[in-house]
Amino acid sequence: MSVLVIAEHNHQTVNSATLSAITAAKQLGIVNVLVIGYHCEEVALSLAKVEGVEQVLVIDNHIYQHFLAETLADTIVPLTSHYTHILAAASSFGKNIMPRIAALLDVVQVSDVIAIESTDTFKRPIYAGNAIATLCTTDKIKVLTIRETAFEPAMMAKGNLAPIHTIQTTLTEKTNQLSRFIEQQLCDSERPELNNASVVVAGGRGMQTKENFQLLYALADQLGGAVGATRAAVDAGFAPNDQQIGQTGKIIAPRLYIGVGISGAIQHLAGIMDSKVIVAINKDENAPILEVADYSLVADWQEVLPDLLNRLKMGN
Ligand SMILES: Cc1cc2nc3c(=O)[nH]c(=O)nc-3n(C[C@H](O)[C@H](O)[C@H](O)COP(=O)(O)OP(=O)(O)OC[C@H]3O[C@@H](n4cnc5c(N)ncnc54)[C@H](O)[C@@H]3O)c2cc1C
């Protein structure tokens, strides 16, 4: 079995979700990692040092600067004939390119894999995580996206330096007639990324306004955490879209999750159930989130949050 992992990166550093995909790949066979980007030598070098990586393939060209899915899929598909499995993280990046690759190869995609049973059988959550499906695919090439929180990130191995092979692209700027880059708006934040944060403070519609979310940012800063939100809070404009947690947002597994003014709809719970400790602050004692919370505070956040912040600031 030979596995190709598509690396996710920002041309300088590897996203940790790729390291989790490498851990999954190691359970399937020999692991090659493909780095496509522009001036991405550092990314290739760091991946060559990861335990279990046998070879790193690099395609470096300015046409990959903005990671357009159509361009990436057209580049990757001709390389797939050597492999039994193509893997990427089940992140926005993976969700953007992998269905295209699967469609071009005329195979099914197995999405959001949480366990590898064998080389053709995988487990994945369905019904917003309320059931786990075990499915087997007979496709010659298996295209999988891997849920980051289900696999530990692969580590750097002392002394490991896999060979790095550069491949020239045959594509040009004109090959992709379907999409073009217009602009990218990035949130510039000192806080840890939602996916990787060990503490997440999340707010829901119960926070009532965008301004009130500032309390959650202050709490997150006290705890060295990230801020997340429900879809209702995002739709109401309280928080940006990339902070949405849940079935159609991010799946997180922090050490500590604090949900404030969140009812606990299954679509939200689908994104937080791997959290080690769940704390809920809700004024409704019947809110569903209280059933899954390890610690619940049935209270109005307007009364308890300022007090909690003061205590944290004073260190008691
Ligand atoms: C296909 C689909 C996909 C979806 N995907 C997602 C997803 O990825 N993520 C997601 O989050 N949702 C998702 N949803 C939406 C989901 O069903 C819920 O509507 C949403 O999660 C509710 O958000 P909420 O808890 O903020 O709001 P509400 O359900 O309105 O809950 C607000 C809570 O705040 C409490 N509250 C109010 N005031 C206070 C106060 N002063 N102090 C303390 N507590 C207070 C209330 O008691 C209530 O429990 C999806 C829905 C569908 C249909």
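This is a predicted model: local features need pLDDT of at least 70, side-chain atom pairs count only at pLDDT 80 or more; totals for chains, interfaces and linings use all residues.

Guide: Residues are numbered from 1 along each chain as its sequence is written, and side-chain values use heavy atoms, with hydrogens and water left out.

Visitor: How many salt bridges does the structure hold?
Guide: A salt bridge here is a side-chain nitrogen of Lys or Arg within 4 Å of a carboxyl oxygen of Asp or Glu. By that rule, the number of salt bridges in the structure is five.

Visitor: Which residue meets Arg 147 in a salt bridge?
Guide: The N to O distance of this pair is 2.9 Å. Both partners are buried, a word that means under 20% relative accessible area, while exposed means over 50% and partly exposed lies in between (1.4 Å probe, protein chains only). The partner of Arg 147 is Asp 112.

Visitor: Is Glu 70 buried or exposed?
Guide: Glu 70 forms a salt bridge with Arg 100 at 3.3 Å, N to O. Arg 100 has a relative accessible area of 32% and is partly exposed. Glu 70 has a relative accessibility of 15%, so the residue counts as buried.

Visitor: What separates Arg 311 and Asp 307 in helix α9?
Guide: Their side chains meet in a salt bridge of 3.3 Å, N to O. Helices are DSSP runs (H or I, at least four residues), numbered from the N terminus. Arg 311 and Asp 307 are four residues apart in helix α9, so the separation is about one helical turn.

Notes:
Helices (H or I, at least four residues) and strands (E, at least two) are DSSP runs, numbered from the N terminus.
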